[in-house]
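Here's a quick tour for anyone opening this structure for the first time. Have a look at the sequence and the model, then read on.

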Amino acid sequence: MTAASNRTVLVLNGPNLNLLGKREPHIYGSTTLTDVEQRLRALADELGLTVEFRQSNWEGQIIDWIQEARERGTGILINPAGFTSTSIAILDALLASERPIVEVHVTNIHKREEFRHMSYVSKAADAVIAGAGPHGYELGLRHLDTLLGNAQPSA
């Protein structure tokens, strides 16, 4: 099955995103990961996509899910969170996935501490959305729809 013929997007969320809306709301806001999931499911229905929404604090679990996407021919929307600037293993899995990838961050990582500015994941991503808050997930899903060959890019 080719990526263009599969209407499934795997949404992967890294460490501590289960605390979204509770942890440092002055930085991350009050929207929870459950809120993000509900919004993405509604948008996916509108776009004719299927969303599989997952979160893990374990690097190996995220790598397993990326490898699963390779086998199933799905697109990947990933917020690697704390693994953004630390995980070469996630980068390697993404590079091997041969799937469309959009990286998303709730905050603008380039306006934060210097160690957050570098993203290994960006080296594999087709697009990066940072600083749009939780809405960035929706922007990322719309772009993945385009990358999957199911919509035309905006001019």
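What share of the contacts in the chain with a separation of 6 or more comes from residues 24 or more positions apart? They account for 75% of those contacts. Keep in mind that this is a predicted model, with a mean pLDDT of 88 for the chain. The chain has 155 residues, and buried ones make up 49% of them.

**Confidence and layout**

- Some 88% of the residues reach a pLDDT of 70 or more.
- If you compare the elements, helix α4 (residues 88-97) has the highest mean pLDDT, at 98, while helix α1 (residues 25-28) has the lowest, at 71.
- You'll find 5 helices and 5 strands here, and going along the sequence they come in the pattern β-α-α-β-α-β-α-β-β-α.

**The sheet and the helices on it**

- The 5 strands of an open sheet line up in the order β2-β1-β3-β4-β5, with parallel pairing.
- The edges belong to β2 and β5 (127-130): each has a single partner strand, so one side of each has no neighbour in the sheet.
- From one strand to the next, the twist averages 15 degrees.
- Strand β4 (residues 101-105) runs parallel to β5, and 4 bridges join the two. One spot to check is valine 102, whose bridge partner in β5 is alanine 127.
- Helix α2 (residues 33-47) packs on the sheet, where it touches β1 (8-13), β2 and β3 (75-79). The direction of α2 makes about 165 degrees with that of β2.
- Helix α5 (residues 135-147) lies across β1, β2, β3, β4 and β5, and runs at about 170 degrees to β4.

**Salt bridges**

- A search of the whole structure turns up 8 salt bridges.
- One of them pairs arginine 72 with glutamate 52, with the closest N and O atoms 2.5 Å apart. Arginine 72 sits in helix α3 (residues 59-72) and glutamate 52 in strand β2, so this pair ties together parts that are 20 residues apart in sequence.
- Another joins the side chains of glutamate 68 and arginine 54, at 3.0 Å from N to O. Here too the pair links distant parts of the chain, with glutamate 68 in helix α3 and arginine 54 in strand β2, 14 residues apart.
- Are arginine 54 and glutamate 68 buried, exposed or partly exposed? Arginine 54 is buried, because its relative accessible area is 18% and the cut-off for buried is under 20%. Glutamate 68 has 25%, so it is partly exposed.
- Glu52, Arg54, Glu68 and Arg72 are linked in a network of salt bridges.
- Arginine 70 forms a salt bridge with glutamate 98, the closest N and O atoms being 3.6 Å apart. Since arginine 70 lies in helix α3 and glutamate 98 in the loop between α4 and β4, the pair ties together parts 28 residues apart in sequence.
- Within that pair, arginine 70 is partly exposed at 33% relative accessibility, while glutamate 98 is exposed, with a relative accessible area of 60%.

**A look at glutamine 55**

- Glutamine 55 is part of strand β2 (residues 50-55), and at 24% relative accessibility it counts as partly exposed.
- Which residues does glutamine 55 contact, leaving aside its neighbours within four places in sequence? They are Asn13, Gly14, Pro15, Asn16, Leu17, Asn18, Leu33 and Trp65.
- Proline 15 is 40 residues away along the chain, yet its C-alpha atom and that of glutamine 55 are separated by 7.5 Å.
- A polar atom of the glutamine 55 side chain lies 3.1 Å from the backbone oxygen of glycine 14. The side chain of glutamine 55 also has a polar contact of 3.4 Å with the side chain of asparagine 18.

**A look at threonine 8**

- Threonine 8 belongs to strand β1 and is buried, with a relative accessible area of 12%.
- Arginine 72 is partly exposed, with a relative accessible area of 31%.

Notes: Residues are numbered from 1 along each chain as its sequence is written. This is a predicted model: local features need pLDDT of at least 70, side-chain atom pairs count only at pLDDT 80 or more; totals for chains, interfaces and linings use all residues. Side-chain values use heavy atoms; hydrogens and water are left out. pLDDT is the predictor's confidence in each residue, from 0 to 100. Buried means under 20% relative accessible area, exposed over 50%, partly exposed in between (1.4 Å probe, protein chains only). Contact means heavy atoms within 4.5 Å. A polar contact is a pair of N or O atoms within 3.5 Å; within protein, one must be able to donate a hydrogen and the other to accept it, and residues adjacent in sequence count only if both atoms are side-chain atoms. Two strands pair if DSSP finds at least two bridges between them. Axes are lines fitted to C-alpha atoms, for helices over the stretch in contact, and angles run from 0 to 180 degrees between N-to-C directions. A salt bridge is a side-chain nitrogen of Lys or Arg within 4 Å of a carboxyl oxygen of Asp or Glu.
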